[in-house]
Amino acid sequence: MISTPLAGIGLLLVIIGVFSVMAYTVSLQTQEIGIRTALGAQQASILKMILAKGASLLAVGIVIGLLASYGLTRFLASQIWGVSVTDPLTFASVATIVLTVGLSACLLPAHRAAQSDPLVALRYE
């Protein structure tokens, strides 16, 4: 039962981290997004571009996390009761939850970028 609040805090850190990195990445690409929009890019293509970058960031993080947690199975064996340390269902469900929550955290910066005015974006410094 003590792991539930810790898991919630970890998930909150995932949300904050992914949102912050994506917001910063989108702010660095403001002029590029403005040029793409001015040249006729659709909002859907800009949204897909930003979500693809977020998905790749999440995929790298999930792979590193899965490898690290699989590598620490001896330590985890003494901490987890009732679940196999290498339970594939647990690993898959955690990866799915992190991916879903992470992509949801990417949606706000992606939506902002897709809605940006090209003239304002081109003047952005």
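A search of the whole structure finds 1 salt bridge, a term for a side-chain nitrogen of Lys or Arg within 4 Å of a carboxyl oxygen of Asp or Glu. The model is predicted: local features need pLDDT of at least 70, side-chain atom pairs count only at pLDDT 80 or more, and totals for chains, interfaces and linings use all residues. Residues are numbered from 1 along each chain as its sequence is written, and side-chain values use heavy atoms, with hydrogens and water left out.

**Stop 1: the salt bridge.** Select R36 and E32. Their closest N and O atoms are 3.0 Å apart. The two residues are 4 apart in helix α2, so about one helical turn separates them. Helices here are DSSP runs (H or I, at least four residues), numbered from the N terminus. R36 is partly exposed because its relative accessibility is 37%. E32 is also partly exposed, at 30%. The cut-offs are under 20% relative accessible area for buried, over 50% for exposed, and partly exposed in between (1.4 Å probe, protein chains only).

**Stop 2: the rest of α2.** Show residues 30-38. T30, I33 and G34 are buried here. Look down the axis of α2: its buried residues fall within an arc of 100 degrees, so they line one face of the helix. The arc is taken from the directions from the helix axis to the C-beta atoms. What do these buried residues of α2 pack against? They pack against α1, α3, α5 and α6 (118-123), where contact means heavy atoms within 4.5 Å. Just after α2, select G40, which takes a positive phi of about 110 degrees.

**Stop 3: the core.** The largest nonpolar core has 13 residues. Such a core is a set of buried Ala, Val, Leu, Ile, Met, Phe, Trp, Tyr and Cys residues joined through side-chain atoms within 4.5 Å. Select V18, M22, V26, I33, I46, I50 and A113, which have the most contacts inside it. Two or more core residues come from each of α1, α3 (43-71) and α5 (88-115). The largest share, 5 residues, comes from α5. Now centre on I50. Leaving out residues up to four places away in sequence, I50 touches M22, V26, I33, A110 and A113.

**Stop 4: the surface.** Select L6, I9 and L13. They make a nonpolar surface patch of about 320 Å². I9 lies in helix α1 (residues 3-28). I9 counts as partly exposed because its relative accessibility is 47%.

Terms used: Patch = residues over 30% accessible without salt bridge, like charges linked within 9 Å, V, L, I, M, F, W, Y side chains within 5 Å. Areas by Shrake-Rupley, 256 points an atom, 1.4 Å probe, with all protein chains shown as cover.
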